[in-house]
Amino acid sequence: MPPMQAHTEGLTLFGRDVLSDPRANSESTISPENGRRYRATRRVTVVGAVVNAFLALAQLLSGWLLNSQALIADGVHTLSDLITDGVVLFAAGKAAASPDHDHPYGHGRIETLATVVVGVFLALAGLGIAWAAGQRLVDTAAATGPAPAALAFAVLTLVAKEGLYQYTHRVAKRIGSRMLDANAWHHRTDAISSLFVLIGVGAAVAGFPWADALAALIVALFILHIAGRLIVRSASELIDTALDAEEVARIRHTIMEVPGVKDAHMLRTRRHGSDVVADVHIQVAPMISVSEGHRIADAVYWAVTQRHERLRDFTVHVDPENDEDQARSSNLPLRPEVAEAVREAWAGTPELERLEQLSMHYLNGRIHLALTLRLDGAYTPAELNARGEGLSQSLQSHPRLTGRLGEVKILYRPCTTGVQQNP
């Protein structure tokens with residue numbers, strides 16, 4: 001018999017194939033978009049590092065010379081910023097690298113890990129400050145107030161830290177960097193801590209020497225709160241926590257707007273550094289071709305990635321039915337076994353030699369067949385119907401297909417002279 005041409009509908013996958021992308025190779029390269037994000041992050045971080053270096057030196061020296069524990073504590077906090085700035089700068093360069101064979105999803109998680117490191121440094125700084133301030137509060141007899149000049153350094157620190165926060169936060173929002181935003185909030189905690197330092201130093205200069213240590217303790221507790229929030233949020237990202245329900249609903253709404261999508265289910269999302277990774281199953285009409293199903297998946301991919309800019313990797317799985325509700329087809333035979341069963345069932349019949357195409361559809365736990373036969377000779381409709389009914393019954397009763405077949409269609413194609421048959 002002539003070989004039967006495959007024309008099956010089934011599952012297709014559509015997504016970004018980084019391994020076949022000519023830009024992806026064994027060495028990490030930086031895409032133009034990631035390059036812009038990295039340059040912006042580097043510029044902001046370098047500015048912050050320079051300012052922090054100046055402030056740390058001024059705070060430590062003034063705190064030591066003017067007898068202000070709050071200024072010294074704030075100086076230690078600022079010194080820790082230099083370390084975290086270095087971590088952010090290193091992580092930004094690594095995270096900007098494009099996907100490669102070893103890291104097909106990119107390097108965005110480096111930003112997440114760096115955010116955890118920033119949170120840990122904040123926590124360590126907070127614990128150190130709290131310990132020193134607590135010791136001084138306990139030893140009230142040895143407490144002495146700072147010199148009035150300490151107020152000027154407290155004001156300078158407050159203005160500089162708030163300026164760094166505003167600058168860093170604006171850039172982080174513009175480029176969509178969670179890591180840079182975490183560092184911006186680090187600057188904000190510094191500004192708030194400097195406000196408490198200013199109040200404490202002012203009260204201590206006014207005759208309440210314990211206020212300086214109390215201000216340092218309040219700053220430490222605030223720092224520990226921010227550090228805990230950063231660590232918890234980043235840890236949830238590392239364990240693939242989904243996006244907010246509202247954002248997931250917006251993505252699903254975009255999917256359902258694409259023509260040809262009947263339903264969407266199993267929509268899964270997770271953060272990947274500053275980006276988002278997602279996958280979804282879409283349901284299409286069950287009898288369309290594989291190529292049409294793939295075209296619909298293509299349309300879904302572009303609609304979602306263009307409307308939701310943070311979505312960098314999106315996989316679309318095409319289903320002919322809702323596989324959450326319908327019976328699974330995993331126990332049904334594949335084409336070679338079905339084709340062999342057709343040969344056995346139709347052995348000795350003239351129709352076996354006239355079989356040109358076998359189409360198979362796996363739906364609702366059954367195989368639905370459409371067999372196209374070449375029509376040789378003159379037959380009445382009644383004869384074709386009777387013959388087709390017999391051929392269908394022989395397939396339904398075959399041991400390999402019993403209980404596994406759904407609808408069986410026998411189609412006839414008139415033989416046309418000069419038309420080449422399918423190979």
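**Glu 344 is partly exposed, with a relative accessible area of 36%, and is shown here with its salt-bridge partner, Arg 400.** The model is a predicted one, in which local features need pLDDT of at least 70, side-chain atom pairs count only at pLDDT 80 or more, and totals for chains, interfaces and linings use all residues. Residues are numbered from 1 along each chain as its sequence is written, and side-chain values use heavy atoms, with hydrogens and water left out. The side chains of Arg 400 and Glu 344 meet at 3.4 Å, N to O, in a salt bridge (a side-chain nitrogen of Lys or Arg within 4 Å of a carboxyl oxygen of Asp or Glu). Because Arg 400 belongs to the loop between helix 11 (381–396) and strand 8 (405–414), whereas Glu 344 belongs to helix 9, the contact ties together parts that are 56 residues apart in sequence. Arg 400 has 30% relative accessibility and therefore counts as partly exposed (buried means under 20%, exposed over 50%, partly exposed in between, with a 1.4 Å probe and protein chains only). Elsewhere, salt bridges with shared partners join Glu 356, Arg 374 and Arg 413 into one network.

Helices are DSSP runs of H or I with at least four residues, strands are runs of E with at least two, and both are numbered from the N terminus. Arg 343 is partly exposed at 32%, and Glu 340 is partly exposed at 31%. Ala 339, by contrast, is buried, its relative accessible area being 6%, and its C-alpha atom lies 8.0 Å from that of Leu 358, 19 residues apart in sequence.

**Glu 257 and Arg 307 form a salt bridge whose closest N and O atoms are 2.8 Å apart.** The pair links distant parts of the chain, with Glu 257 in the loop between helix 7 (245–256) and strand 3 (263–272) and Arg 307 in helix 8 (residues 290–307), 50 residues apart. Glu 257 is partly exposed, with a relative accessible area of 42%. Over the model, the count of salt bridges comes to nine.

**One aromatic pair is found in a search of the whole structure.** The pair is edge-to-face because the rings of Tyr 301 and Trp 302 have centres 5.1 Å apart and planes at 90 degrees (rings of Phe, Tyr and Trp, its six-membered ring, pair with centres within 6.5 Å; planes under 30 degrees apart are stacked, over 60 edge-to-face, the rest tilted). Tyr 301 is buried at 4%, while Trp 302 is partly exposed at 45%.

**Leu 57, Leu 61, Trp 64, Leu 65, Ile 72 and Val 76 make a nonpolar surface patch of about 630 Å².** Helix 1 and helix 2 (69–95) are the elements that give it two or more residues, and helix 1 gives the most, with four. Val 76 lies in helix 2 and counts as partly exposed at 41% relative accessibility. Patch residues have over 30% relative accessible area and no salt bridge, with like charges joined within 9 Å and nonpolar side chains (Val, Leu, Ile, Met, Phe, Trp, Tyr) within 5 Å.

How values were computed
Areas by Shrake-Rupley, 256 points an atom, 1.4 Å probe, with all protein chains shown as cover.
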